[in-house]
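Welcome! Here is a short briefing on a protein chain, its charged pairs and its nonpolar parts. Please have a look at the structure before reading on.

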Amino acid sequence: MIILVTGGARSGKSTFAERLCMSRSSEAIYLATAQAFDEEMEQRIAAHRLQRSDEAYLWHTIEEPIEVADTLESIGQATYPAPTILLDCLTLWLSNILLSKEAEGKDAILQEMDRLVSSVRTYPGLIILVTNEVGDGIVPEYPLGRLYRDMAGILNQRMAAVSEEVFLVTAGIAIELKSKEYKV
């Protein structure tokens, strides 16, 4: 089963995704995509690690900023039954891909996105995906920012399409969207 959790920055989406994970399994792999390029980000990552270690819930953390598709495939093939995975977050992964593939162009980014969607779709266990809604603000003034915004929108739509449940979190309140989808 695939569940997508989306929302803006500091909306409570990661907290909700963690609680949802805890309610549906007794332990999980926390697949973290963040990279620490500065001291402030190092502190954020350390705080998240500490928070997970303080909880009674058993988190197995894997930090993988780029090769998420390969990691999902390896985990899915190595263990039966497949463990629950919380992937946090898709838009950080996209930033990492964008920066590593920028010179190769949009098609290379879309190819990596296709690989990830395929790996998520074929993962044999529960996977909860966290992502950011980035398209609700102003149009970025620089090309890389516009490309990121566009790619994030495409990635979120593709993941929502393969998800059984999609939650939007705003001000710490989660609303399930997929069951309310209006189809034309």
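Arg158 forms a salt bridge with Asp114, and their closest N and O atoms are 2.5 Å apart; a salt bridge here is a side-chain nitrogen of Lys or Arg within 4 Å of a carboxyl oxygen of Asp or Glu. This pair links distant parts of the chain, since Arg158 sits in helix H6 and Asp114 in helix H5, 44 residues apart. The model is predicted, so local features need pLDDT of at least 70 and side-chain atom pairs count only at pLDDT 80 or more, while totals for chains, interfaces and linings use all residues. Residues are numbered from 1 along each chain as its sequence is written, and side-chain values use heavy atoms, with hydrogens and water left out.

**Charged pairs**

- Arg158 counts as partly exposed because its relative accessibility is 30%; buried means under 20% relative accessible area, exposed means over 50%, and partly exposed is in between (1.4 Å probe, protein chains only).
- Asp114, its partner, is partly exposed too, at 42% relative accessibility.
- How far apart are the closest N and O atoms of Arg44 and Glu40? They are 2.3 Å apart, and the two residues form a salt bridge.
- Arg44 and Glu40 are 4 residues apart in helix H2, so about one helical turn separates them; helices (H or I, at least four residues) and strands (E, at least two) are DSSP runs, numbered from the N terminus.
- Arg44 is partly exposed, with a relative accessible area of 38%, and Glu40 is partly exposed at 40%.
- Arg149 and Asp150 also meet through their side chains in a salt bridge, at 2.8 Å from N to O.
- Side chains of opposite charge can pair when their charged atoms come close.

**Nonpolar cores**

- The largest nonpolar core has 31 residues, and those with the most contacts inside it are Leu72, Leu116, Leu129 and Met159. A nonpolar core is a set of buried Ala, Val, Leu, Ile, Met, Phe, Trp, Tyr and Cys residues joined through side-chain atoms within 4.5 Å.
- Several elements each supply at least two residues of this core, including strand S1 (2–7), helix H3 (68–78) and helix H6 (143–162).
- Which helix gives the most to this core? Helix H5 does, with 6 residues.
- Met159 is in contact (heavy atoms within 4.5 Å) with Leu4, Leu90, Leu116, Val117, Val120 and Leu129, leaving aside its neighbours within four places in sequence.
- Another core lies apart from the largest one and has 18 residues, among them Tyr30, Cys89, Leu126 and Val130.
- In soluble globular proteins, nonpolar side chains tend to be buried together.

**A nonpolar patch on the surface**

- Ile173, Ile175 and Leu177 form a nonpolar patch on the surface, with about 260 Å² of accessible area together.
- Patches are made of residues with over 30% relative accessible area and no salt bridge, with like charges joined within 9 Å and nonpolar side chains (Val, Leu, Ile, Met, Phe, Trp, Tyr) within 5 Å.
- Accessible areas come from the Shrake-Rupley method with a 1.4 Å probe, and for residues only the protein chains shown count as cover.
- Leu177 is placed in the segment after strand S7 (173–176), and at 36% relative accessibility Leu177 counts as partly exposed.

**A residue from the record**

- UniProt lists His48 under "active site" in an unreviewed entry; its positions are given in the numbering used here, feature names are shortened, and annotations may be inferred rather than shown by experiment.
- His48 lies in helix H2 (residues 39–54) and is partly exposed, at 34% relative accessibility.
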